[in-house]
Structure formats: C-alpha cells, structure tokens
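Visitor: I am new to this structure. Could you show me how to read a few of its features?
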Amino acid sequence: VIIRQIPAWVTSTNAWLAAESRGGRAVLVDAPPDPKGVAVAIADLDVTLAAILLTHGHVDHVGGSGEMVRRTGAVAYVHPDDDFLTYDPVTQLQILFGVTIPGMYEAPEKVHALEHGQRLELCGIDIGVVHTPGHTPGHCCFHVATEGVLFSGDQLFAGSIGRTDLPGGSFDDLMTSMRERVLVLDDETRVLPGHGPETTIGRERRHNPFLVGLDRTGHR
Ligand SMILES: [Zn+2]
Ligand SMILES: [Zn+2]
C-alpha cells in the first residue's frame, strides 16, 4: 500500500491517499475544501479513486468531498452522528471564520453510514472502523491492521488531541475513546492524523501531555 499525505486549505487539513499500487485503485481519507493537491496525487500515482472515508463532518475534512465524488464516482462514507455537521458547512464556516460562503463547500448527496466495528474491504485494503466520539459525536478513526496504520483524524495528533469546544464536542467522550479504542493499539502503530505530521501510538502514549498516565489511572 502506497500512502501519500496531502495537506490542504487554510486549516492545513491532511487528506491521506492510500493506493493498493501504482495504476491501481485508491482510498482517500478526508477531503479538504481545496482538492487540487489530491487531484495531483491521483494523477501522479495513476490511480482510480474508489472510496472516500470521512473521519468526521467538519467542513475542513468534508468540504471537498462533493466535488471529488462528482469528478471520480467514488463512494463516500461518514458516521451518521455527524450528519448535522456534514450537511451544514455554512453554519460551520460562520462559527469558524465569522463568514458564510453558501454553496461553496459541500458533502456528497449520497453517503454510506459508518458504524463502529465495521470492516470495509476497499481496493484490496482491509479497513476497520473505530468510532471515537469526542471531537465530534460521529468521529471515526480508520485502522488498517495489515499495514499497522491508524488514520486518526482529529482524535489524536502528534503532541496534542482534537479540540472539544465546537458543537457536539465532549472532552470526557474524547478521553474515553482514547483509552478504550485508541490506546489499545500496539505502540508500533503509525498514527496518520488530520493535521500535522505522523507519529506513533507508543510515542504519544509516552510523550503526549494529554495521554501520559491515561491508560494507568483512567484519568489525566
Ligand atoms: Zn475537526
Ligand atoms: Zn480538522
């Protein structure tokens, strides 16, 4: 599996392209509102985009998905608990930037519903859906066990965690998700986050100030 990191838009949100091979099929994790970089990577690897997995409904992660689906015919997936975000980018733009830009960013008309524990077989890649509410109610991480990779979205970053002050966010839920569904993974697992550089579960377990001691005491 070939994995490309493609940061985009004013929020430097990572889109992650995972291809079975050059010239083969690929899965995109998250679709920032500016999909140019993704289109370049797709052309460079000569891949066909088969699916778009959305970690959550924030506009910086889904805003380009409508256009990508129209352009490529890929199938999009998101957790239904984030529908109130996925289908309302205008309100999010208002909260984030104090402006409304109607019609500019959009989710696909049709998306498939993700659920916790689901296994998706996409492009020859076996992907486990890990529902991790907290940053948003429907936030999901995607675990590719065969590659030792976790696409962590805005749940876990190198040295930090997702903010929980936006609508539907819950710090307690995020920490429960972390303890029960993220920190249970092996230390060697590569963590490919929604913003910033990649890291590993072990490094975050030892050095991330939000996580140190979390799995021992259950609290910070
Ligand atoms: Zn987010
Ligand atoms: Zn984000």
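Visitor: Which residues do ring pairs link into a cluster?

Guide: Trp9, Phe97 and Tyr105. Keep in mind that this is a predicted model. A search of the whole structure finds three aromatic pairs.

Visitor: How are the rings of Trp9 and Tyr105 arranged?

Guide: Look at the angle between the planes. Over 60 degrees counts as edge-to-face. Here the planes stand at 80 degrees, so the pair is edge-to-face. The ring centres are 5.3 Å apart.

Visitor: Where in the chain do the two partners sit?

Guide: In distant parts, 96 residues apart. Trp9 is in the loop between strand E1 (2-8) and strand E2 (13-19). Tyr105 is in the loop between helix H5 (89-97) and strand E6 (112-113).

Visitor: Are Trp9 and Tyr105 buried or exposed?

Guide: Both Trp9 and Tyr105 are buried.

Visitor: Now the metal. What are the protein donors of the zinc ion (ligand 2)?

Guide: Asp60 (OD), His61 (NE2), Asp154 (OD) and His195 (NE2). Along the chain, their spacing reads D-H-x92-D-x40-H.

Visitor: Why is the arrangement around the zinc ion (ligand 2) irregular?

Guide: Check the angles. Four donors count as tetrahedral if all angles lie between 85 and 135 degrees. The angles here are 82 to 156 degrees, which makes the arrangement irregular.

Visitor: What does Asp154 bridge?

Guide: The zinc ion (ligand 2) and the zinc ion (ligand 1), which lie 3.3 Å apart.

Visitor: And what does the pair of Asp60 and His195 tie together?

Guide: Parts that are 135 residues apart in sequence. Asp60 lies in helix H2 (residues 59-62), and His195 in the loop between strand E13 (190-193) and strand E14 (199-200). Asp60 counts as buried, at 7% relative accessibility.

Notes:
Residues numbered from 1 in each chain as written. Chains lettered and ligands numbered in written order. Predicted model: local features only at pLDDT ≥ 70, side-chain atom pairs only at ≥ 80, totals over all residues. Heavy atoms only, no water. Phe/Tyr/Trp six-rings, centres within 6.5 Å; stacked < 30°, edge-to-face > 60°. Helix = DSSP H or I, 4+ residues; strand = E, 2+ residues; numbered from the N terminus. Buried < 20%, exposed > 50% of the residue type's maximum accessible area, 1.4 Å probe, protein only. Donors = N, O, S within 2.8 Å, 3.2 Å for Na, K, Ca; no water. Tetrahedral: all angles 85-135°; square planar, octahedral: opposite > 155°, others 65-115°.
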